[in-house]
Amino acid sequence: MAKQHISTTINGEPMEFLCEPHQSMLDVLRGPLGLTGSKEGCGSGDCGACSVTLDGRLVCACLMLAMEAEGASITTIEGMATGEALHPLQQKFLEMAALQCGICTPGVLMAARSLLERNPDPSETEVRFWLAGNLCRCTGYDKIVRAVLETAADMRENAA
Amino acid sequence: MTDIRYLAPKTLDEAVGAFAAAQGAARILAGGTDLLVQMRAGVIRPGLIVDIKKISEMTSIEETAGGGFRIGAAVSGAALGEHPRFGRVWPGVLEAVNLIGSTQVQGRASPGGNLCNGSPAGDSVPAMIAAGAVVTVQGPAGRREMPVEAVPAGPGRTNLKPGEIVVSFTLPPRPAGSSDAYLRMIPRTEMDIAVVGVGVSLTMAGGKVTAARVGLGAVAPTVLLVGDAARALIGSTLNEASVEAAAAACRAACKPIDDKRGTIVYRTKVAGVLLKRTVAIAADRAKGG
């Protein structure tokens with residue numbers, strides 16, 4: 001099967017690319033599309049470093065075929081900030097140093113945003129379970145969880 | 001892997017036609033959380049991938065006229081969890097489906113994939129067996145129905161005929177006083193594979209069990225329907241002797257493997273313990289507790 005032409009939407013922008021049927025969405029994001037914010041940790045859906053949303057749902061880009069992007073809407077970490085203005089989660093992660101090496105951070109941020117969109121007032125337990133598919137090998141979970149909880153509190157206050 | 005073809009048909013007839021024509025070289029893609037991992041590991045090299053998620057019957061959840069549910073085989077765990085009523089009627093099936101993998105995996109993984117992957121430890125399967133789910137299958141010879149417990153044939157194998165695709169699960173209407181539960185034992189608190197999994201569905205009336213089904217996972221080459229355990233419960237008030245008899249039936253049904261997650265002795269003992277705990281939760285729910 002020759003390279004296939006896919007029309008999709010990424011971070012709100014119409015996008016077209018060519019791919020092989022076996023290629024993962026992560027391969028295409030990081031390769032031809034140059035969106036290297038999504039990281040490849042394990043390539044088998046265990047680490048969450050490639051977390052993106054597909055039609056609003058959090059998924060691992062490594063467990064999705066690029067062919068499946070046809071007609072879909074995908075958001076990646078590159079679409080999280082608005083111009084120069086960071087998303088409140090990004091800002092809080094910087095302020096609270098909720099990262100060490102940073103490889104897991106794009107996936108953690110995507111997952112945390114997905115949680116706060118569904119549940120603006122999560123408990124610590126809910127944050128920990130929601131983020132259980134995002135592995136951090138620097139063992140920084142505590143700062144991550146606290147940053148998500150503080151961001152949620154800030155966002156609730158700003159929305160009030 | 002350069003010669004793979006990909007199809008995303010909009011109808012089941014097209015999907016079955018292409019799947020059957022490929023004569024075993026094809027794989028069905030639902031959530032892909034097993035398939036893509038197996039492809040990447042080089043375990044399988046399909047010539048054709050048939051993505052079934054453009055077929056509305058495979059991705060929809062319907063309530064049947066009598067109050068049952070029909071769940072498309074490719075419905076994701078996350079979508080099932082967001083259904084306004086399913087989790088209230090079948091809390092055990094939902095908790096089993098939602099135990100599969102992380103939030104990200106839940107966004108894609110489906111009960112149809114969990115069943116057809118054929119793992120003896122698939123979490124949704126014991127709960128579906130306990131629920132008395134009937135699977136609708138479509139193949140080159142048309143449609144047929146089979147009880148969910150008839151689908152697994154052994155680790156990684158099913159009793160589906162060549163070219164057949166699992167289309168949906170139909171769960172029966174629930175009489176008053178019914179509920180279900182699923183528990184699994186894993187060596188850590190999250191993100192692991194069951195050492196034992198137990199699904200129990202009960203109907204209670206006047207303090208007595210009038211109907212029961214028990215599904216038992218991860219302790220034999222296939223997930224099991226344990227009829228002797230259900231018979232020990234039916235007619236009882238869930239007194240200690242009848243629950244112990246059901247636990248003994250579960251232990252007797254075990255033909256487990258010895259591996260790093262659990263020895264034969266451990267798995268067998270835990271099967272009885274989990275049966276008791278799962279019965280207690282299902283009974284509590286059935287009584288409206």
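**Basis.** I worked from a predicted model, where local features need pLDDT of at least 70 and side-chain atom pairs count only at pLDDT 80 or more, while totals for chains, interfaces and linings use all residues. Residues are numbered from 1 along each chain as its sequence is written, and chains are lettered from A and ligands numbered from 1 in the order in which they are written.

**Chain A.** I read its elements from the N terminus as β-β-α-β-β-β-α-α-α-α, with helices (H or I, at least four residues) and strands (E, at least two) taken as DSSP runs numbered from the N terminus. I noted spans of about 50 × 35 × 25 Å for the C-alpha trace along its principal axes. Of its 160 residues, 42% are buried; buried means 20 or more other C-beta atoms within 10 Å of a residue's own, exposed 12 or fewer, partly exposed in between, with C-beta atoms placed from the backbone.

**Positive phi.** I found Asn11(A), not a glycine, at a positive phi of about 50°, in the loop between strand 1 (4-10) and strand 2 (13-19) of chain A. Asn11(A) counts as partly exposed because it has 15 C-beta neighbours inside 10 Å. Gln23(B) also has a positive phi, near 50°, and lies between helix 1 (12-21) and strand 2 (26-29) of chain B, in the loop. With 11 C-beta neighbours inside 10 Å, Gln23(B) counts as exposed.
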